[in-house]
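Here are my notes for your review. Please read them next to the model.

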Amino acid sequence: MSIASMTADASVSAAERGWRALPASYAIPERRPTLVEAHEYCRNLAHSHYENFSVASWFLPKRLRQHFYNVYAYCRIADDLGDEVGDPEASLALFDQWEAELDRCYDGSPLHPVFVALAETVLEFEIPKHEFSDLLKAFRQDQTVMRYESFDDFLKYCRNSANPVGHLVLYLGGYRDAERQRLSDFTCTALQLTNSWQDVAEDFDKGRVYLPQEDLRRFGVREAVIAGRQSTPEFCELMRFQVKRTREWFRQGLPLVGLVHREVARDVELFSRGGMEILEAIEASGYDVLSHRPTLSTNRKLALVARAAWSRLV
């Protein structure tokens with residue numbers, strides 16, 4: 001057997017392990033579904049996996065909802081290929097297959113329902129392929145890079161893990177200019193940072209530390225503190241610093257709300273203010289994100305939705 005054949009067999013084996021760890025519905029089918037079936041697949045996935053997405057989609061005009069479902073379904077499954085498999089080799093093999101389907105989506109011959117639906121979205125809004133493939137770069141990076149030396153290093157990760165999502169939303173809203181994308185990058189990076197500070201303990205259990213190593217040293221925090229779930233004064237000061245820094249990123253992105261039409265602005269504002277509310281929850285916990293995960297109370301979620309709903313009605 002040739003080396004190339006052995007490598008191919010190993011790749012197939014890794015991919016098979018990966019698909020077995022995921023819902024059967026995620027697998028790439030042998031038969032191409034109809035567009036109606038693909039739409040239903042993406043719609044069901046969006047509504048069954050993320051309650052906040054279902055709420056946000058209520059504020060979207062009907063003509064955009066299916067397109068948002070299609071984009072969300074791509075991001076949801078791609079994320080799960082990395083986080084829900086528990087086998088880096090298998091995840092990397094799955095990402096190769098997922099990217100091959102993305103290529104077929106742009107070539108006009110996809111098999112997976114997500115890409116059958118997404119092809120329509122890509123064509124209508126002229127979305128560049130790199131916005132989707134950049135996300136895969138970040139998901140692959142999560143399988144091999146577990147620490148970031150500097151904040152700038154982590155920001156480079158955010159450029160692929162978070163910022164393309166904002167660009168995709170702007171494309172669906174009819175915007176493709178550099179200035180709006182720049183403002184969107186502030187917001188999306190801030191959301192990624194917020195999620196990382198919120199999930200310090202959970203990410204550590206997966207072997208990842210997103211807190212920059214330079215900041216751990218600066219505040220005198222050892223990883224053993226995170227491992228032991230010890231919210232020491234030094235650790236809390238470190239988190240206070242990260243929350244303050246992240247608020248500034250949100251602040252710089254807020255002008256985007258005034259630069260997009262109302263049907264998109266409501267969702268941008270809802271997610272921005274939701275992220276800032278998470279920072280408030282971290283602050284209210286005394287910056288203790290290790291003993292429990294700071295989240296929004298039901299009342300705070302309802303208040304955010306009510307504010308957006310009132311804006312829609314008036």
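1. A cut-off comes first: a residue counts as buried when its relative accessible area is under 20%. Cys188 comes out at 11% relative accessibility, so Cys188 is classed as buried. Cys105 has a relative accessible area of 6% and is therefore buried as well. Keep in mind that this is a predicted model.

2. Next, the cysteine sulfurs. A disulfide here needs a pair of cysteine sulfur atoms within 2.5 Å. By that rule, the count of disulfides is zero.

3. Now the overall picture. The protein chain has 16 helices and zero strands. It holds 314 residues, and buried residues make up 50% of them. The chain exposes about 14800 Å², with 54% of that supplied by carbon and sulfur atoms. Take the contacts in the chain with a separation of 6 or more: residues 24 or more positions apart account for 72% of them.

4. Phe95 deserves a look. It sits in helix H5, which covers residues 88-107. Is Phe95 buried or exposed? Its relative accessible area is 0%, so Phe95 is buried. Which residues does Phe95 contact, once neighbours within four places in sequence are left aside? They are Ala78, Leu81, Gly82, Leu136, Phe139, Arg140 and Gln143. As for Lys137, it is 42 residues from Phe95 along the chain, and the two C-alpha atoms are separated by 9.2 Å.

5. With neighbours within four places in sequence left aside, Asp134 is in contact with Asn160 and Pro164.

6. Helix H6 passes a length check. H6 runs over residues 113-125 and has 13 residues. The expected span is 1.5 Å times one less than the number of residues.

7. Which residues of H6 are buried? The list is Pro113, Val114, Phe115, Val116, Ala117, Leu118, Thr121, Val122 and Phe125. Just after H6 comes Glu126, which takes a positive phi of about 50°.

Note on methods: Residues numbered from 1 in each chain as written. Predicted model: local features only at pLDDT ≥ 70, side-chain atom pairs only at ≥ 80, totals over all residues. Heavy atoms only, no water. Helix = DSSP H or I, 4+ residues; strand = E, 2+ residues; numbered from the N terminus. Buried < 20%, exposed > 50% of the residue type's maximum accessible area, 1.4 Å probe, protein only. Contact = heavy atoms within 4.5 Å. Areas by Shrake-Rupley, 256 points an atom, 1.4 Å probe, with all protein chains shown as cover.
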